[in-house]
Amino acid sequence: MSTEKNIYTVTIYTENNIGLLNRISAIFQRRHINIESINSSVSEIENVSKWTLVVKLHVDSMKRIIGQIEKQVEVIKAYYHTDEETIYQESCLFKIKSDLLFDERQIQNIIKESNARIVTVNKVFFVLEKSGRKEEIELLYRELSVFGIMQFTRSGRVAVTKNEMKISTMLKA
Amino acid sequence: MKETETIQIVRKETATTERISGSEAVIKCLLAEGVDILYGYPGGAIMPVYDELYKYQDKIHHVLTRHEQGATHAAQGYARISGKVGVAIATSGPGATNLITGIADAQIDSTPMVCITGQVGSQLLGSDAFQETDIVGISTPVTKWNHQITKASEIPEVLAKAFYIAKSGRPGPVLIDITKDAQFEEFDFKYEKCKGIRSYKPVPETDKNSLKAAAELINKAKKPLIIWGQGIILSEAEEAFKAVIEKAGIPAAWTILGVSAIPTSHPLNVGMVGMHGNYAPNVLTNECDVLIAIGMRFDDRVTGNLESYAKQAKVIHFEIDPAEIDKNVKTDVAVLGDAKSSLKALLPLLNANSHNDWHHKFKALYEIEFEKVIKNDLHPTKESLTMGEVLKEINIHTKGEAAIVSDVGQHQMVACRYANFNTTKSNITSGGLGTMGFALPAAIGAKMAAPEREVVMIAGDGGYQMTIQELGTIFQQKVPVKIVVLNNEFLGMVRQWQQLFFDKRYASTEMVNPDFVAIAKGYHIDAKKVTKREDLKNAVKEMIDCKGPYFLEVRVEKEGNVFPMIPTGASVSDIRLE
Ligand SMILES: Cc1ncc(C[n+]2csc(CCOP(=O)(O)OP(=O)(O)O)c2C)c(N)n1
């Protein structure tokens, strides 16, 4: 059995139910596994929620955990994928003092080069939005932190898979 | 078909004309699901439902246990002997939290159970109201499904789902929490049984190719071994299973939840696997060439050290729960599906066989175990009484027809090893959770579900005292269970480990016990204590002949040990006989 841990993107299609977050996170918690990020949203199918989790695991544990997740009554289907098998992004927001935008020329360059987007500007602060891979966001964070960041937040990973997930056909059947 | 149709039509008609309260709806749902007995304990947040139970008492029998844990174990005992869903009910807060041990027990032992709890009014949720507790949050990891109801109109659909989920597929416990305002609220009641849930597939499809592959492996095997678990009993596959082992001539061993699926005396029954199982099936697990697991989950108490478990064998796993495949033991062929239909489909693919030489190995190892262990347990020459000889007497007087409800500890292992079973669903014990205190209330539930059966409860002096208050339930409900306490004045199983692995440092395992006979008599239960061998036979006979409940305390040797034993971390084949 290999002991190497991989990053996996876990995709879970579920019914929309109040207690489900608790139920799914409990599956990881009781095995002492950290969830690196978690995101829940609507999916491409009406009335079906889609969860995207990122975890670091051995492939054997990953398989076992997918089994435990799928076993939950309100889970329709669960998948796991490696980074190579998915297109994934995270999104982040920076709140920064507006003065800096005019006093520090460097900031404008950073914004341009990083493909970040200014969402709003007022007298006190401006908000910068950036979507991308975790490393790109981390780089931007390092570059901006030199000047001082008032607030920072990063979303969980969202991902789509390169191959089809046969969920819609499954639901029709 | 016709009949059910008319029933549904009648129901629908009455339904449209009937505006009832949420609490009355709860009772009507239970009746529609065929519930005739439920176990519980009242309190503020569930009082509207109790008020309806009062009105419907001629149709549904509520049993007041002496603790909510007792209610869950009684519901489990009811479910395990009958195959039906057991029902327990409690109030919010402490009533609800007291259910948790039984729910966790039912979850790990796949017992169908529905628990209903009252909850504070929905406007009070989250306000730390009196007796408010987040029972849905607390019970999530130990339930197959749970749900909170805040509107009366949700009651029929949610309860229908609850019963469907609890019973279908791999069974398990479901908890439904109902706020007090939803119990009072009136609505138009209509009940329809749940027929399916789109996100939930109770029984996976059986792949024909995997069945073929399994049959091929079995037909080629020279030394096949079957280990069966409770799955056979849960899917009522007993006859199909017997047909398979008899045709293929395969020795079959059981887990403690699987025993009683085929009679103890069946020639192909080679005994119990696991920590205190029999010598032959444990040792030969590491010699067989094909290991066929059916409706069992390779619990660590069954496998010992996984690194040296059946490495030489091809493993076939018949299983209803896909999450069990490769969970602990990697399988070569997994046959998903319901055990009964899989085994029926397997039968015609199997060649008739007898495996005589292989059977001789089991017999030879049994002889060794008999000389070293069984003889001394069942026919002791030492002065003090053994647990084994008590079981032997019970076997004689019940002729193997009794349901045995055991608690947790040494007596449990002895009961499972030595009790004779002629009929299925007859060994009721807490397997996965190992819950001391399980037996007495579970025996109540079992006896009430199957009044025609003899139900004998066997507990140690420790576990008995964890739910001893249920003697009150036995007295009030006049439940004629037979209560046997094997008193060694120790928490025996823990003491055994202290003796073997902690240099006899008996930390907090010695028990100073009360006068158990006086306690039983205090509840007006006939009672006797036996301390000498010559009195045992008559006492057991008197107990079995007694029409009402009966309590028998047997003083057994204080420091007796259960063998064989696989020490933790050891391999099944390194099982110790002394
Ligand atoms: C609720 C609970 N607490 C603790 C344990 C740990 N435990 C397992 S066996 C045992 C001793 C049981 O003693 P007794 O009931 O007297 O039975 P004996 O082993 O002597 O037959 C204990 C404490 C348990 N299984 N369940």
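Reader: How many residues surround the ligand, and which are the closest?
Author: In this predicted model, local features need pLDDT of at least 70, side-chain atom pairs count only at pLDDT 80 or more, and totals for chains, interfaces and linings use all residues. Residues are numbered from 1 along each chain as its sequence is written, chains are lettered from A and ligands numbered from 1 in the order in which they are written, and side-chain values use heavy atoms, with hydrogens and water left out. A residue is near a molecule if one of its heavy atoms lies within 4 Å of it. The ligand is surrounded by 18 residues, the closest being Gln410(B), His411(B), Gly434(B), Gly463(B) and Gly492(B).

Reader: How do the residues of the shell divide into nonpolar, polar and charged?
Author: Ala, Val, Leu, Ile, Met, Phe, Trp, Tyr, Cys and Pro count as nonpolar, Asp, Glu, Lys and Arg as charged, and the others, Gly among them, as polar. On this basis the shell around the ligand holds eight nonpolar, nine polar and one charged.

Reader: Which helices of chain B each supply at least two residues of the shell around the ligand?
Author: Helices (H or I, at least four residues) and strands (E, at least two) are DSSP runs, numbered from the N terminus. Those of chain B that each give at least two residues to the shell are α18 (410-418), α20 (461-464) and α22 (492-501).

Reader: What is the distance from an oxygen atom of the ligand to a polar backbone atom of Gly492(B)?
Author: A polar contact is a pair of N or O atoms within 3.5 Å; within protein, one must be able to donate a hydrogen and the other to accept it, and residues adjacent in sequence count only if both atoms are side-chain atoms. A nitrogen atom of the ligand lies 3.4 Å from a backbone N or O atom of Met436(B), and an oxygen atom of the ligand is 3.2 Å from an N or O atom in the side chain of Asp461(B). For Gly492(B), the distance from a polar backbone atom to an oxygen atom of the ligand is 2.8 Å.

Reader: What share of the ligand's exposed area does the protein bury?
Author: Accessible areas come from the Shrake-Rupley method with a 1.4 Å probe; for residues, only the protein chains shown count as cover. Taken alone, the ligand exposes 590 Å², and the share buried by the protein is 76%.

Reader: What area is buried between domain 1 and domain 3 of chain B?
Author: An automatic or database assignment gives the domain bounds, and chain B is divided into domain 1 (19-189), domain 2 (208-361) and domain 3 (385-557). Contact means heavy atoms within 4.5 Å, and 25 residues of domain 1 of chain B are in contact with 29 residues of domain 3 of chain B. Buried area is the accessible area (1.4 Å probe) that two parts lose on being put together, summed over both. Carbon and sulfur atoms give 63% of the area buried between these domains, which is about 2000 Å².

Reader: Which residues of chain A lose the most area to chain B?
Author: Chain A and chain B bury about 1500 Å² between them, and 18 residues of chain A are in contact with 20 residues of chain B. Together giving 42% of what the chain A side buries, the residues that lose the most area are Arg23(A), Arg64(A) and Val73(A).

Reader: Where is Asn47(A) found?
Author: Asn47(A) is a residue other than glycine with a positive phi, near 65°. Its place in chain A is the loop between β2 (35-42) and β3 (49-57).
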